[in-house]
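Here is a short report on one structure. Look at the sequence and the model, then read on.

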Amino acid sequence: MSFWAAALFAFLALLLTSVLGGLYTIGVFRKRAPNEPPLDKGFIPWLGYGMNFKKNSTEFLKRMWKRHGDIFTVLVGGNYLHFVMDPCTYRQIMRESKEKIDFNTFGSIIVLNAFGFPTTDIHHKIVQIASNKYLSGKNLTALNQVMIEKLKTVFIQRQGSGEEKKSWQQDGLFRFSYKTIFQASFLSLFGMDPEKRVEGKENPKNYLTQCEELYEAFQKFDRLFPQMALGMLDSIGKEKSNKLKNYFWDILSIKNISQKYEVSRWVTELVQQMADVGMTEKMQTQFLLLLLWASQANTGPAAFWILAYLLKHPEALKAVKEEVEKALRETGQEVKPGGLSINVSLHTMKTPLLDSAVEETLRLTAGSIVFRSVMQDTDLKMADGKEYTLRKGDRLLLFPFVALHTNPEIYSDPHTFKYDRFLNPDGTKKEFYKNGKKLKYYTLPFGGGTTMCPGRFFAVNEMKMFVIMMLTCFEMELVNAEEELPPVNESRYGLGIAQPEPCWIRPWPI
Ligand code: HEM
């Protein structure tokens, strides 16, 4: 063969390899192997069902569920995603070893995109250890006390003084709830700035003004978050997000944090642990921004939803209010106008109806997705006894909002708010079943397994404290009582609590 013929042959071979390689990469040759879940690649190479998933993930998943059954694999943007839609199988997935099904691989991509640093198992361990210690048990009780005092401070400012006092104040319900929780929770966890003291004394107005600025910046950051996490920001978005990150990194710099006072033990312990494992100050600050986002991005919206549901269901509002007042009387307290003198200690107050209303709110609004990466070919036995093999390199996803929270086989009228749904008529906790099998997990708003949200107890307490304070400090009415609750903005599914379109509230200080 002449040199030119050989060169031409080599070139054609290379071209063919590239074309085949490209086709392989976009998934043209992937076939369902024996024992693998039903595979649906859609019609568009590589993208697969990317657009359908992005447009309306819940409807898309319901369609696939109906078509393929309790487990299926879909192609989305070059990734093969296995969805398990049978909640009775969740437990087994959560218990699988990380050598087979790991959480870190996917989570670390999101953290890298959004917060700029690579996470490892060490970060996860640090968070778990500090949170087990300071966000549960006695230390949580102490943190609750701080939170309730900060809530009172925010409410005192809200109630106004002089002329403004005792007048209806109109605000968007979402903004009202989110801002209140954000201010109180930020001060409780991240402490206060000594510069905001006036002549050595606390000056709440100064703190709250600073928190208000922070809240506004946080809202902008949070709006960019879904695109940022997926690494899909355009150049303008990138510029905005970088500016915001610099603003937060400045506020959360280790130098600033070390000068603050009344920083929570959760944060101080985390900072100490990060330094001990050799993280640079820059990385510690980046990590603190992650903690700020994780601790704030869902609780404010959750506080909104519970208040909105109660306002739209007067019988629920009345029942919960009566229960709270009774529980306060049982601890020797009376609800007087102003309400701010009450001492809310959640560990002694029995409030099963409020607890049920919180759980019902989370059931209806938590769109958290549990992500896992398949690290090696793994056999999965479903609760119905069928066995499947999950292929190495694929992803495994659970979307409890569709498969569990709004599953009509588990919950009657699954889209209706029933404040006492989680209680039996005798006041004991209800159990939930699917196909006659008792469910270990009947709601999963906080994810599951080893990656379950470490702030979940505090989050629930924040919601309860917010409701108790609202019920004892304000009369409330919706500006337009006829208005339906705003629809959910689905773009945040996967990240936690859904966010609504605007609606209005008028709180009246009592
Ligand atoms: C209603 C409020 C909240 C919801 C719905 C929520 C939900 C979640 C979910 C779904 C995850 C991911 C779990 C997984 O990957 O399986 C998570 C992680 C996390 N949450 Fe929450 N969360 C809430 C409030 C809080 C609060 C108040 C804190 C702290 C005070 C917090 C701290 C964290 C942290 C630090 C992580 C990351 C854990 C890790 O990567 O090791 N969260 N949360």
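## Arg395 and its contacts

In this predicted model, Arg395 touches Asn79, Leu81, His82, Phe106, Phe371, Arg372, Ser373 and Val374, leaving aside residues up to four places away in sequence. Arg395 lies in strand β9, which covers residues 395-398.

A buried residue needs 20 or more, and an exposed one has 12 or fewer.

The UniProt annotation "binding site" covers Asn298 and Arg395. The entry is unreviewed.

Asn298 sits in the loop between α13 (281-296) and α14. Asn298 has 25 C-beta neighbours inside 10 Å, so it counts as buried. Its contacts are Ala459, Gly496 and Ile497, again leaving aside residues up to four places away in sequence.

## Helix α14 against helix α16

Two packed helices are described by the angle and the distance between their axes. Take helix α14 (residues 299-312) and helix α16 (residues 352-365). Their axes come within 9 Å and cross at roughly 110 degrees. Angles from 65 to 115 degrees count as roughly perpendicular, so α14 and α16 are roughly perpendicular to each other. The crossing is right-handed.

Which residues make the contact? From α14 come Ala302, Trp305, Ile306, Tyr309 and Leu310. From α16 come Ala357, Val358, Thr361, Leu362 and Thr365. Eight of the contact residues are nonpolar, two are polar and none is charged.

Terms used: Residues numbered from 1 in each chain as written. Predicted model: local features only at pLDDT ≥ 70, side-chain atom pairs only at ≥ 80, totals over all residues. Axes fitted to C-alpha atoms, helices over the stretch in contact; angles between N-to-C directions. Helix = DSSP H or I, 4+ residues; strand = E, 2+ residues; numbered from the N terminus. Parallel < 35°, antiparallel > 145°, perpendicular 65-115°, else oblique. Left-handed = near helix turned anticlockwise from the far one by under 90°. Contact = placed C-beta atoms within 7 Å. Nonpolar A, V, L, I, M, F, W, Y, C, P; charged D, E, K, R; others polar. UniProt positions renumbered as here; feature names shortened; annotations may be inferred.
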